[in-house]
Amino acid sequence: MKLRFLGGAGTVTGSRYLLSDDKHRLLVDCGMYQGVKNLRKRNWARFPVEPSSINAVVLTHAHIDHTGYLPALVKNGFNGKIYCTKATHELCKVLLPDAGYLQEEDAKYAFRKGFSKHDKPEPLFTVKDAHEALKHFESLHYHERFEPVKGMEVTFTPAGHILGSSCVHVHHRSSDRTVVFSGDVGRQNDVIMRPPEPIDKADVLVCESTYGDRLHAETDPEADLADIITRTAGRGGIVLLPSFAVGRAQMLLYLIHKIMGESRVPKMPVYLNSPMAIKATEIFSRHHKEHKLNAAQCEMIDEHTEFVRTVDESIELNSVRYPCIIISASGMASGGRVLHHLKTLLPNPRNSIVFAGFQAPGTRGDALVKGAESVKIHGEYWPVKAEVYNLDSMSAHGDYEEILQWLEAGTLKPEKVYITHGEVVASDVMRKRVRDRFGWDVEVAELFDEVEV
């Protein structure tokens, strides 16, 4: 059996891994590249293998950097099934059509502005392509064994990152070898997600390293958030939280309503301005048995949040001048409705912009948390006068120590570990830490490398 790294190597995006034997090809994750332009350009390159030659796809979780290329894969000839957990399937029904819509809008914008080298720029895929891809989905429960291709048995175990996230265990029957893909590994003490389930067996482990060179700050996110909200409201400002629609938005809503219910911050309106995040919150509530919040706590979030659904409502929200809290996508300020809020709120020192997690290099979020004096939005530069924070302790990714604890918790003794899904330095530091802690044979994966497993 061979493993080829088609993405997610040397960067935190574009996750794609190909397992193959003499007869079959199984793709684990099919992510879109996000972040800086030279990474996004990879989405337009010819897929490294012929899509029609892939027999099946298995997904670790729903985030676009792990699923976003699926509509293009189907469009270009893939005709097999796409397997994932129940919650991942539901989230993909929201995320993939939205990604298609954004592709269509980007193509229209490029045409209007005339900056495409093509006379009529085309989207990578459309909303229709996304719905076509969704027809290929088949969902399963955690720990349910299935055979996506003949001779390869797969099971999902909880990864604790977001709703539905999983580690993918692939057992190749003829060689009696097991390869485990960590996906994105969650926190040991996350606010709303349960910790990742330990792994007991893997001959080969493919492990993420987003925070491979860092520890999360040992701060209380509730206290930090309460302090920022109270001080901002005290000077008549608005708190804007750019947020990932899946996972982070639900955690932020829970924490805000919790501290507001405990009278630790003034009572004020809380707006969720992201159609995708609204749908994800509804899915989150339906799957409350998979996370720490019970049905009553989920209901509290729904009852006390003002959902901003339409474009007109979103535009109207930009005229609000009283203290309030706005949560809006995207989490790295790379697109979406949050950009319009940033244009309105950044120039005013009374306001606060609060990021809550990893900011990929090259994104607006990265520039803002690093102290940029102005940022470019919709072709214009906007001054940064508002206070900008990054509550890194809210990240949904385990830091290197949490991942090491997770690896230590099982009975794992892999023959080989490949480190992926991290910036170059983070991955190499993670390699050294895993080697030093466990004495395992560890290597950082290189893009397009193919190895025997």
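Student: How are two packed helices described?

Tutor: Two packed helices are described by the angle between their axes and by the distance between those axes. In this predicted model, helix H4 (residues 86-113) packs with helix H8 (residues 275-286) at an angle of about 175°, and their axes are 9 Å apart. That makes H4 roughly antiparallel to H8, because an angle over 145 degrees counts as roughly antiparallel.

Student: Which residues of H4 and H8 meet?

Tutor: From H4 the residues are Glu90, Leu91, Val94, Leu95 and Asp98; from H8 they are Met276, Lys279, Ala280, Ile283 and Arg286. By class, this contact of H4 with H8 has six nonpolar, four charged and no polar residues.

Student: At what angle do the axes of H7 and H8 cross?

Tutor: The axes of H7 and H8 cross at roughly 75° and come within 9 Å. H7 and H8 are therefore roughly perpendicular to each other. In this contact, Ala249, Gln250 and Leu253 of H7 meet Ala277, Ala280, Thr281 and Phe284 of H8. The residues divide into five nonpolar, two polar and no charged.

Student: How far apart are the end C-alpha atoms of H7, and what span should its residues give?

Tutor: Helix H7 (residues 248-261) has 14 residues, which at 1.5 Å a residue should span 20 Å. The C-alpha atoms at its ends are 20 Å apart, which agrees.

Student: How many residues of H7 are buried?

Tutor: The number is 12 of the 14, so H7 is largely enclosed by the rest of the structure. Among the buried residues are Arg248, Met251, Tyr254, His257 and Met260.

Student: What covers the buried residues of H7?

Tutor: The cover includes helices H6 (221-234), H8 and H9 (295-304), together with strands S12 (239-242), S13 (270-273) and S15 (325-328).

Student: Now the cysteines. What is a disulfide, and how many does the structure hold?

Tutor: A disulfide is a covalent bond between the sulfur atoms of two cysteines. The structure holds zero disulfides. Cysteine 92 is in none; the nearest cysteine sulfur belongs to cysteine 84 and is 5.7 Å away.

Student: Is cysteine 92 buried or exposed?

Tutor: Cysteine 92 counts as buried, because its relative accessibility is 0%. Cysteine 324 also has 0% relative accessibility and counts as buried.

Student: Where does valine 127 lie, and what does it touch?

Tutor: Valine 127 lies in helix H5 (residues 127-134). Not counting residues up to four places away in sequence, valine 127 touches Pro97, Gly100, Tyr101 and Glu104. Valine 127 is partly exposed, with a relative accessible area of 25%. From valine 127 to phenylalanine 358 it is 231 residues in sequence and 28 Å in space, C-alpha to C-alpha.

Student: What is the phi of histidine 421?

Tutor: Histidine 421, also not a glycine, has a positive phi of about 50°. Its place is the loop between strand S20 (416-420) and helix H14 (424-438). Histidine 421 counts as buried, at 3% relative accessibility.

Student: Is the peptide bond from alanine 329 to serine 330 cis or trans?

Tutor: That bond is cis, with omega near 15°. Serine 330 is in the loop between S15 and helix H11 (338-345).

Conventions: Residues numbered from 1 in each chain as written. Predicted model: local features only at pLDDT ≥ 70, side-chain atom pairs only at ≥ 80, totals over all residues. Heavy atoms only, no water. Axes fitted to C-alpha atoms, helices over the stretch in contact; angles between N-to-C directions. Helix = DSSP H or I, 4+ residues; strand = E, 2+ residues; numbered from the N terminus. Parallel < 35°, antiparallel > 145°, perpendicular 65-115°, else oblique. Contact = heavy atoms within 4.5 Å. Nonpolar A, V, L, I, M, F, W, Y, C, P; charged D, E, K, R; others polar. Disulfide = S-S within 2.5 Å. Buried < 20%, exposed > 50% of the residue type's maximum accessible area, 1.4 Å probe, protein only. Expected span 1.5 Å × (residues − 1).
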